[in-house]
Amino acid sequence: MTVSKNPYLKNLNKIEFVVTYACTGRCKHCSEGDHTSCGERIDPQIAADVVRKIAAEYDIKTVMTFGGEPLLYPDAVYAIMTAAKELNIPKCQIITNGYFSKNGDRIREVAERLAACGVNHLLLSVDAFHQETIPIDVVKQFASEAKACGIPIRLQPAWLVSAMDDNPYNRKTREVLGSFADMGICENEGNVIFPEGNALKYLADYFTDERPENPYVEDPRDVRCVSFEPNGNVLSGNVYRKDIMEIIKDYAP
């Protein structure tokens, strides 16, 4: 279906999916808090169809899946990334904490499937917060299998206050990152923790009273990324009840 492009999405170039809010970690810094809506997950076929429809109208450069822990429901990731690969979308990205199974065969199978369906940018969330509840040996096993499959990997730490701040959490994060050095996996710049959800609950002493503007929120008048929640919500609509192109056409800030 061809539609007139909505002026509020004229620069749209990215599609992202929160596959699920379910997670294998219980991190103090998590903006989603206690993951009370963890039972929902994105429908694989609807998600893949969304990628095809949007990419037919817009010059999409990146398709990303994250969570929660997206690899708890890998079929959704496979479907989304297969569609992106078929459309020659340049960046097929996943953000994962690397802990979805302890079974070595299962870990290898998932890594191989991710490579086969075109994942070419894997960000591995490792830091002081994730490693309080997530076993690093299992994460390293997944990283090793993914690397063996040719998937480019970078470490994606969460920094408290700033990457340069010398606090106990950041010191522990640097130690965790250093433990990957012998695997030849480099680190990304990561992200600075925003005071929301668990971060505001458990780390309040590290934030000032003045709440900063959230750097991860889109400008509603210049939407460059459409983000789908596990229940289908997107752009004030729901893709399970209405065609995505109609939602885009009708969107207004």
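In this predicted model, the cover over the buried residues of helix α5 includes α4 (136-148), β5 (153-155), β6 (158-159) and β7 (186-187). Helix α5 itself spans residues 168-178. Its buried residues are Tyr169, Asn170, Thr173, Val176 and Leu177. Seen down the axis of α5, these buried residues fall within an arc of 115°, so they line one face of the helix.

Turn now to a pair of helices. Two packed helices are described by the angle between their axes and the distance between the axes. Helix α1 covers residues 44-57, and helix α2 covers residues 74-86. Their axes come within 8 Å and cross at roughly 20°. Angles under 35 degrees count as roughly parallel, so α1 runs roughly parallel to α2. The crossing of α1 past α2 is right-handed.

Which residues meet there? From α1 come Pro44, Gln45, Ala47, Ala48, Val51 and Arg52. From α2 come Asp75, Ala76, Ala79, Ile80, Ala83, Ala84 and Glu86. The residues of this contact divide into 9 nonpolar, 1 polar and 3 charged.

Helix α2 spans residues 74-86, and residues in that range also meet a cysteine from elsewhere in the chain, Cys117. Cys117 sits in the loop between α3 (104-116) and β4 (121-124). Is Cys117 buried or exposed? Its relative accessible area is 5%. Buried means under 20%, so Cys117 counts as buried. Leaving aside residues up to four places away in sequence, Cys117 touches Tyr78, Met81, Thr82 and Lys85. Tyr78 lies 39 residues from Cys117 along the chain, yet their C-alpha atoms are separated by 6.1 Å.

Conventions: Residues are numbered from 1 along each chain as its sequence is written. This is a predicted model: local features need pLDDT of at least 70, side-chain atom pairs count only at pLDDT 80 or more; totals for chains, interfaces and linings use all residues. Side-chain values use heavy atoms; hydrogens and water are left out. Axes are lines fitted to C-alpha atoms, for helices over the stretch in contact, and angles run from 0 to 180 degrees between N-to-C directions. Helices (H or I, at least four residues) and strands (E, at least two) are DSSP runs, numbered from the N terminus. Angles under 35 degrees count as roughly parallel, over 145 as roughly antiparallel, 65 to 115 as roughly perpendicular and the rest as oblique. A crossing is left-handed if the near helix is turned anticlockwise from the far one by less than a right angle, and right-handed if clockwise. Contact means heavy atoms within 4.5 Å. Ala, Val, Leu, Ile, Met, Phe, Trp, Tyr, Cys and Pro count as nonpolar, Asp, Glu, Lys and Arg as charged, and the others, Gly among them, as polar. Buried means under 20% relative accessible area, exposed over 50%, partly exposed in between (1.4 Å probe, protein chains only). The arc is that of the directions from the helix axis to the C-beta atoms.
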